[in-house]
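Dear colleague,

My notes on it follow.

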Amino acid sequence: MQQMRFYYKTLQDFTADLEKFDLDVPVDTDLSVLQTPVLVGTKTIPNRLSIQPMEGCDALEDGSPGELTFRRYERFARGGAGLIWFEATAASAAGRGKPSQLYLHDDNVDNFARLVEQTRQAGVENTGKAPYLVLQLTHAGRYGDGKIIAVHEPELDRRAGVDPQKPVITDDELRNLEDDFVKATRLALAAGFDAVDIKACHRYLISELLGAHNRPGEYGGSYENRTRWLKNVITKIKDAKIDIEITTRLNAYDAIPHPYGWGSDSEGGIDLAEPKRLVQELVDLGLNMINITIATPYLTPHLSRPYDQPGRNGYPQPEHPLIGVARIMNVVKEIQKTVPGCTIVGTGFSWLRQIAPYVAAGMVNEGCASICGFGRGGFAYPDFAKDIFTTGEMSPKKVCISCSKCSELKGAAWLTGCVVRDSEVYAPIYQRFLKETAGR
Ligand SMILES: Cc1cc2nc3c(=O)[nH]c(=O)nc-3n(C[C@H](O)[C@H](O)[C@H](O)COP(=O)(O)O)c2cc1C
């Protein structure tokens, strides 16, 4: 029987499976392209590898970065990835997902400035170059304590415990939220970030708006209305002349059937017509970089982060994970080909373990992505970039094994990191987590 997990000893084993499954995933053994810089706006990203945003659930009560937050970003910076995409950070008190989520506001901007300075310095000291730093600004929407929703979707409502009769956030509140994001952008600039990400993925509030076909008013129904909020914020930031690069982490498709999803057909399959239109419009609005992701970890985690093990409350892979990886790569390629002049950050590399550098080089060389981002792989192996650049490979002993333990911890808002490869810190936390949540 076909093994539904990573089992490749050689690149040849891997390419044989690509052929067997008839998958179009570019592979290149010349990794030199990964060391080339990319100009984004007025600043340069020193290489083609990125840390994707990964919540560590370790903020202080006031939303400031905690001790483990500082540790995480220092490790990322020492590891040599040219782009560090900081994790989901609330732009408003009501949009904070949980008390352990970062939240940037007037009273703690200095603490974020310290985090930026330490991260940048660690990069310069260890690699000679400052990494490019993006802050992801979010509103957790239905996944925050207030369960604020933009539109009802029966299955997501049921799973998130949202009352189907609960009133949705009003148009006035959404307009005010635009201003909250502008304000948070100003603070991000003051803290020293190079860019802000207006997060529009994974069915948090802003991503939910993109699929709000059934919402009345200014922010729902037509394509123009559903994309209005995101475009308004970008325009407001530009009009305010805040001197910071603007980007977005965007779902290319939700995998939620029409009329509830975005980029999805009536079966929940891929229909990129609207996402392609949107990325073109975002580029026209002045965006130079977009980070592409898919689906929602709350409904279809196997699509957004293919895994070998589902974790305690997860489900086994319904397809070979390589098919999932190829799907992400293909969607990223489609978007990059739509806006060839825009820096597209691709995702979904972690399941590939030590094969990842060859796929990353293939993606960049064939114009399918500009930068390749690692999420779980960043937790497990923060110095993957340095190893690729100095030894020409990633060590099989250091790679993420997609065991989903980090996802389990994050799902329960426990301190989150790699239980397997960063075990000194996170194995005891995971043991405690198992003990205290047994039977739940
Ligand atoms: C523990 C955990 C935390 C995450 N936090 C964020 C986040 O803050 N923002 C975000 O856009 N995606 C987040 N993600 C998704 C990852 O950035 C990434 O898209 C996903 O893990 C797939 O990439 P990978 O295969 O390299 O892990 C998170 C994923 C995990 C497992």
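Helix 12, residues 356-365, is mostly covered, with nine of its 10 residues buried. Helices (H or I, at least four residues) and strands (E, at least two) are DSSP runs numbered from the N terminus. A residue is buried if 20 or more other C-beta atoms lie within 10 Å of its own, exposed if 12 or fewer, and partly exposed in between, with C-beta atoms placed from the backbone. This is a predicted model, in which local features need pLDDT of at least 70 and side-chain atom pairs count only at pLDDT 80 or more, while totals for chains, interfaces and linings use all residues. Residues are numbered from 1 along each chain as its sequence is written.

The buried residues of helix 12 include Tyr358, Val359 and Met363. They pack against helix 1, helix 11 (321-338), strand 10 (343-346), strand 11 (371-374), helix 13 and helix 14 (384-391). Glycine 367, which follows helix 12, has a positive phi near 70°.

**The chain as a whole**

The protein chain has 16 helices and 11 strands, and buried residues make up 52% of its 440 residues. Its C-alpha trace spans about 55 × 50 × 50 Å along the principal axes. Among contacts (C-beta atoms, placed from the backbone, within 7 Å) between residues at least 6 apart in sequence, 70% join residues at least 24 apart.

**The nonpolar core**

A nonpolar core is a set of buried Ala, Val, Leu, Ile, Met, Phe, Trp, Tyr and Cys residues joined through C-beta atoms within 7 Å. The largest one has 129 residues, of which Ile84 and Ile198 touch the most other members. Beyond its neighbours within four places in sequence, isoleucine 198 is in contact with residues including Leu137, Phe181, Val233 and Thr248.

**An exposed loop residue**

Aspartate 24 lies in the loop between helix 1 (11-20) and strand 1 (38-40). Aspartate 24 counts as exposed because it has 10 C-beta neighbours inside 10 Å. Leaving aside neighbours within four places in sequence, aspartate 24 is in contact with Ala326 and Asn330.

**The ligand shell**

Of the 25 residues around the ligand, Pro53, Ala88, Ser350, Gly375 and Arg376 come nearest; a residue is near a molecule if its C-beta atom, placed from the backbone, lies within 6 Å of it. Strand 4 (83-90), helix 13 (376-380) and helix 15 (405-411) each supply at least two residues of this shell. Helix 15 gives the largest share, three residues.

Yours sincerely

Methods: Two residues are in contact if their C-beta atoms, placed from the backbone, lie within 7 Å.
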